[in-house]
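Q: Could you walk me through this one? I'd like to talk about the strands and the aromatic rings.

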Amino acid sequence: MADTPAVIYPLEGKRVWVAGHRGMVGSALVRRLERENPAEILKVTRQEVDLRDPAAVRSWLETARPEAVFVPAAKVGGILANDTYPADFLYDNLMIAANIIHAAHETGVEKLLFLGSSCIYPKFADQPIVEEALLTGALEPTNEWYAIAKIAGIKLCQAYRKQHGADFISAMPTNLYGPGDNYDLQSSHVIPALIRKAHEAKRAGAPSMEIWGTGTPRREFLHADDCADALVHLMKVYSAPEHVNVGSGTDVTIEELARLVMAVVGFEGELTKDLSKPDGTPRKLMSADRLRALGWKPSIGLREGLENANACYIETI
């Protein structure tokens, strides 16, 4: 691994805004930022400021005057939610990205980090997916609405850097899980859905638990606390137009993941598959080379992370 690069933007003594601080990534960022000794970690709820409203965002930034901004705020959901509410996912995420990035420039924010998603990449991109694969092929149809909004956010950061010299950077996290996750089966991602399904099957004494599709697609996962650590690292050491993948660098099949979740939860029934449901992208593993070259690697393994996520779920029931 390359030597850790020098810190070019220390966060100590800075006023730092985490947009979307109540979400899984936002709350992990707040926890992680406390170790950087910022002057203040700024937070605002959606009841106080609707991030889809440009005037509200501009007014709040003019008053709060953050020096550094993290933008994990987004409308998020799994395959079903994206497929059911395409207009909401495209409009809401476009507005959040455009409003915050533009107002950050207008109000003199020193540095901004925008978060995308691994779904920005083409459905059939070569694996592992390098950052340069962006816009080289068609997207996965079930979440293209979210992906297009996130791609627009990346390009906005690049455009403000090119036209105005703004120190705006972007990071692309892989599939995340951990404290603060969403366990609603109608809108959750795969790990929280599997944890809830396993618990419900165990409580009901069910003979089996079902997953969508064939179980063969491969996915990469990263614990939210690892993600937050990587984002803080990037804010401190990275400044360039190109976005950076943030992932674990390894993947597992959905079936392997489901069986691991069942083991962690303690459900001993069978695993069945609903072959009428879609698999989604066959494989999605992002290259971690750029992030590793910047001196960062994850510290939470999948089994350890799942045990933590399971404990967090138990606290919610």
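What follows is a short exchange on the sheet and the aromatic side chains of this predicted model.

Q: What's the strand order in the open sheet?
A: The open sheet has six strands in the order β2-β1-β3-β4-β5-β10, and the pairing is parallel. Its edge strands are β2 (40–42) and β10 (244–246), each of which pairs on one side only, and the twist from one strand to the next averages 20°.

Q: How many bridges join β5 to β10?
A: Three bridges join β5 (residues 167–173) to β10, with the two strands running parallel; in one of the pairings, A171 has V244 of β10 as its bridge partner.

Q: And which strands does helix α7 lie across?
A: Helix α7, residues 224–237, lies across β3 (68–71), β4 (111–115), β5 and β10, and it runs at about 145° to β4.

Q: Switching to rings, how many aromatic pairs are there?
A: The count comes to four aromatic pairs. One of them is Y160 with F168, a tilted pair at 6.4 Å centre to centre and 35° between the planes, and both of these residues are buried.

Q: What about Y183 and Y313, and why is that pair called tilted?
A: Their ring centres are 4.8 Å apart and their planes stand at 50°, so the pair is tilted. Y183 lies in the loop between β6 (175–177) and α6 (190–204), while Y313 is in helix α10 (residues 302–316), so the pair ties together parts that are 130 residues apart in sequence.

Q: Is Y183 buried or exposed?
A: Y183 is buried, at a relative accessible area of 10%, and Y313 also counts as buried, with 4% relative accessibility.

Q: Where does K75 lie relative to F89?
A: K75 lies over the face of F89, 5.3 Å from the ring centre.

Conventions. Residues numbered from 1 in each chain as written. Predicted model: local features only at pLDDT ≥ 70, side-chain atom pairs only at ≥ 80, totals over all residues. Heavy atoms only, no water. Phe/Tyr/Trp six-rings, centres within 6.5 Å; stacked < 30°, edge-to-face > 60°. Buried < 20%, exposed > 50% of the residue type's maximum accessible area, 1.4 Å probe, protein only. Helix = DSSP H or I, 4+ residues; strand = E, 2+ residues; numbered from the N terminus. Lys NZ or Arg CZ within 6 Å of the ring centre and 35° of its normal. Pairing = 2+ DSSP bridges. Axes fitted to C-alpha atoms, helices over the stretch in contact; angles between N-to-C directions. Contact = heavy atoms within 4.5 Å.
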